[in-house]
Structure formats: C-alpha cells, structure tokens
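This report is meant for a reader who has not seen this structure before. Please look over the sequence and the model first.

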Amino acid sequence: MKENAVLEMKNITKSFPGVLALQNVDFTLCEGEIHALMGENGAGKSTLIKVLTGVYGKDSGEVYLKGKDGAVSIRSPQDAQDLGISTVYQEITLCPNLTVAENMYIGREKGWKQNWRKINADTNRILESLGIPAKATQQLSSCSIAIQQMVAIARAVDMDCKVLILDEPTSSLDEQEVEKLFGLMRDLKAKGVGIIFVTHFLDQVYEVCDKITVLRDGKLVGEFVIEDLPRVELVSKMLGKDLDDMAEIKGEGQEYTGEGAGTVFYEAEGLQSNAGIQPFDFHIKKGEVNGFTGLLGSGRSECVRAIFGADHVVNGKVKIKGKDVKITNPLEAMKNGIAYLPEDRKGDGIIGDLSVRENLILAAQVLRGFCRPFSRAEAEKAADEYIKLLDIKTASQDTPIKSLSGGNQQKVIVARWLFAHPEYLILDEPTRGIDIGTKTEIQKLVLKLASEGMSITFISSETDEMLRTCSRLVVMRDRKVVGELTGDDLNQNKIMSTIAGGEEA
C-alpha cells in the first residue's frame with residue numbers, strides 16, 4: 001500500500017444487468033484526509049461506496065486496508081463495520097420507531113440491551129459532545145430530519161472507525177448544522193481518520209476537502225489535490241465537456257407571450273393547513289416561474305403542500321383562472337391542472353419496485369381512472385418519448401426505478417407529471433442530491449416549459465439556483481411569509497436581509 005494510505009481500492013469492476021456501473025476504478029484514501037468523491041448521478045459513486053461497505057459484491061478488483069495483510073474480503077456491512085469502515089448514507093437508514101440510544105447501539109455489541117442506564121448515559125454524553133439537541137430516550141421519529149442525520153453521523157463516529165464515509169450528509173442540514181459537521185470532520189481528520197465525502201455542493205468540497213477523485217460513466221477520471229483543480233475544471237471533468245455559464249441560463253427560456261400571458265392562473269387568500277404555517281396569500285401567472293425561499297424549516301414545503309392539498313387545508317380561499325375552487329386533496333388539485341414533485345422523492349415520489357414505465361404513467365393513469373388502463377403500447381410509447389426527452393439513463397423502461405441513480409429517479413418523476421400535461425407544476429427541491437449536469441438540464445427545462453405557458457413554482461435550498469430560474473420570490477421565515485422580491489431586489493443580499501428581518505447584510 002501507498003505510504004500513509006488507510007484504504008486502497010484497485011481495479012474495482014461491478015456490473016448490473018445491462019449496465020457496467022464500475023470499470024477498473026482505483027481509489028486511495030490517506031490517514032487524516034478528507035477526500036471528495038465526485039461525479040454526476042450514475043457516475044458510479046454510490047456503487048463504489050456500496051462495494052466498499054459490502055452492500056454489493058464486486059465482480060473483480062482488490063480492497064486493501066492499513067494493518068491488514070493482503071486484500072480484504074468485505075461480504076456484508078457487518079464485515080465493513082468490523083474492519084473499521086463506517087457509513088452515513090444520503091437516505092437516513094435508522095429506525096424511527098426506536099429511541100435515539102437504541103439507534104446508536106443497535107447491532108453493535110452482544111448484550112447491549114442489558115445495561116440501559118449505561119447505554120443512555122453514554123448516548124447523552126456523545127450527543128452533548130457533538131452539540132446535537134436530542135436525548136437518549138427520545139423516539140427518533142420525534143426528531144427533525146436534520147437531527148436524525150446528525151444522530152446517524154454520531155453513531156458512525158462512535159464506532160471507532162478508521163474510514164468514515166459521508167454520502168450526501170449535508171442535504172438535510174442548515175448552515176449552522178453544516179458548520180458543526182465540518183468541525184467534527186476536521187477533529188476526526190486531526191485524529192488520523194480518513195473521510196470519504198460524497199456531495200454535490202461545490203462550495204462544501206472546496207471548504208473542507210483535501211483531495212478530489214472524479215468518476216464519470218463508471219470510470220476513473222482522476223485524483224486531484226484540491227488546490228490544483230479550479231471549480232470550472234472540476235465541473236468540466238465531471239461532465240466530460242465544457243460547462244455553459246450557468247449564470248446565463250435564463251437565456252434558455254423566453255418570456256411567454258401566447259394566449260393568456262400575464263393572467264393569473266392560481267390565486268390563494270389566507271391559505272392555511274394543519275402543518276403549522278401561518279395563513280398566506282399567493283398567486284402565480286400563466287408562464288411565470290416563481291419560488292418560495294427561506295431557511296430550513298421556514299415553511300417553504302408546507303406552503304406548496306397546502307396548495308396541492310397534500311396537507312389538510314383548514315382555511316383560505318382558492319381561485320383558478322378566476323373561478324372559486326376547493327382543493328382538499330391531491331386528486332382535486334390534479335383535476336384542476338396542478339402537479340407536484342415532492343421534496344422526499346424516496347418516500348413520496350417513486351414506487352421503488354415498479355418499473356420506470358409504470359412510475360412514469362402513474363399520474364396520468366390516476367387522472368384517467370383505473371377502470372380505463374393504458375394499453376401496453378400506449379404506456380411503452382409514452383415511456384420511450386419521455387426517456388428520450390429527459391435523457392433518462394436506464395437499461396430499459398422495464399428496469400425497477402429503485403435501480404436508477406437519484407438524478408434519473410428525479411427525471412422519471414418529472415416525466416410522470418409532464419405526461420399528465422399540467423398547467424401548473426410545483427417542484428420542491430427538484431435538484432437536491434443530483435449532479436450539476438442534471439441540475440442544469442432541469443433548470444433549462446423549467447424555463448422552456450414556462451416559455452410555453454406553464455406556470456411553475458420552484459423551491460431550492462440553493463439561492464443561486466432560485467435566482468437563475470425565478471422571476472419572483474416569496475420569502476419565508478418561521479413558517480410565515482415575510483416578503484416578496486422581484487426585479488432589482490432579486491439578489492442574495494436582499495433575500496438574506498429579508499430572512500433576517502429587514503436588516504441589510
């Protein structure tokens with residue numbers, strides 16, 4: 001092994017039916033190093049991690065660990081854990097029905113159930129040392145997604161790991177929680193732990209990482225010291241082509257000037273749901289792209305869920321095209337031309353065991369009625385059309401959607417709603433956890449659809465992305481609307497000052 005390397009993966013190859021996911025990939029992690037693993041969705045990052053952690057068996061190649069003679073065999077996640085490899089995945093893999101302490105210690109030691117007093121005390125000590133506002137005896141489901149993610153990280157850290165894998169750990173964290181995590185990562189780095197950091201946030205990579213390994217289409221592009229790889233070059237290597245200036249993405253779409261241009265499609269007054277948001281007014285015009293912005297927990301998602309009827313609406317009036325309507329459930333929203341891509345694509349979006357085709361036609365089938373099912377030929381024609389339109393990477397339309405990368409799953413859900421031909425499309429975090437190239441494609445598609453007359457509400461945690469796509473922003477704070485920005489006020493400073501309460505940044 002290379003001097004001071006804690007992990008070496010050599011010539012790793014892994015295939016699935018119809019897909020060569022990894023082809024002779026090398027990866028080296030050194031002690032006391034934070035190493036970013038980068039690439040588009042489908043590049044092979046998650047597959048490489050799952051080979052390392054024993055979730056997948058490799059077809060060929062070797063894995064070496066410091067202190068072990070020869071190549072090691074990792075046949076299961078338990079083998080990986082025993083070898084000092086701990087993982088926190090993008091999707092939280094804890095048990096919400098158990099307490100925080102049970103989640104911290106489950107599966108780690110025989111007889112761990114026998115001394116609850118010690119287990120709870122140790123858990124509280126760990127949580128306190130990491131600044132996590134949770135208690136050992138608290139049921140995990142009562143914690144926010146952000147706190148659940150931090151508990152998952154605390155569990156991994158407490159297992160005396162030599163290799164810590166963080167697969168999109170910051171996707172559900174706010175800025176303060178990200179900083180806490182980075183502080184913890186730096187402390188572990190100082191103790192000699194090697195950290196593999198998988199993320200799509202470039203700013204985070206350049207803030208905390210020492211090296212970057214780039215994968216593309218299952219192949220190794222290269223390993224780079226972070227100071228030697230400017231961001232533009234990193235993006236170019238990930239995509240395999242020069243990246244268009246994303247700041248100019250608005251040029252992809254033209255303002256809608258067709259029939260009904262400038263008229264209000266949807267209008268709500270005093271809308272309120274049982275999810276805790278304050279009553280709010282909202283409207284969107286035909287061919288407009290607007291958005292809700294605010295910090296994590298500000299109420300962005302709750303607002304659009306109320307619009308779609310996904311949460312129980314308790315108050316408010318709604319008009320569509322000037323006519324009073326009542327939307328109390330998603331089916332009524334769909335019948336009124338509204339579509340909604342949810343924030344949690346795994347829990348609320350995909351049906352994992354169904355095929356790409358079956359997932360794609362689902363919304364249109366609901367609208368059509370299950371007594372009038374699409375014929376196989378109709379479904380296959382629709383699937384072919386939208387797989388090509390959105391460049392969905394799948395072995396076939398019969399492939400279970402759970403086998404696709406996150407970005408391609410997201411594209412299938414977008415295709416599902418486009419096939420239903422809505423007039424108003426709500427996209428809640430459509431680019432979270434997906435690669436830069438797919439983000440660009442989705443942003444361009446949003447502007448193209450708006451230029452054709454579709455009304456679109458776009459929500460993203462990334463302010464730059466909102467500014468690139470939206471012509472009007474509704475600003476949220478503490479579950480209430482605190483401002484609306486258009487024109488020259490659409491800038492990051494104004495957004496942050498509005499969130500902060502009006503004080504200029």
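The notes below cover backbone angles and cysteines in this predicted model.

## Backbone angles

Most residues other than glycine have a negative phi.

Asn24 has a phi near 55°, which is positive although the residue is not glycine. Asn24 lies in strand 2, which covers residues 19–30. Its relative accessibility is 45%, so Asn24 counts as partly exposed.

His421 also has a positive phi, near 55°, and is likewise a residue other than glycine. The position of His421 is in a loop, between helix 15 (406–419) and strand 16 (424–428). With 62% relative accessibility, His421 counts as exposed, because the exposed class begins over 50%.

## Cysteines and disulfides

A disulfide is a covalent bond between the sulfur atoms of two cysteines. How many disulfides does the count come to? The count is zero, with a pair of cysteine sulfur atoms required to be within 2.5 Å.

Cys161 is in no disulfide: the nearest cysteine sulfur belongs to Cys209 and is 16 Å away. Cys161 has 8% relative accessibility and therefore counts as buried. Cys470 is in no disulfide either, and the nearest cysteine sulfur, that of Cys303, is 14 Å away. At 1% relative accessibility, Cys470 counts as buried, because the limit for that class is under 20%.

Note on methods
Residues are numbered from 1 along each chain as its sequence is written. This is a predicted model: local features need pLDDT of at least 70, side-chain atom pairs count only at pLDDT 80 or more; totals for chains, interfaces and linings use all residues. Side-chain values use heavy atoms; hydrogens and water are left out. Helices (H or I, at least four residues) and strands (E, at least two) are DSSP runs, numbered from the N terminus. Buried means under 20% relative accessible area, exposed over 50%, partly exposed in between (1.4 Å probe, protein chains only).
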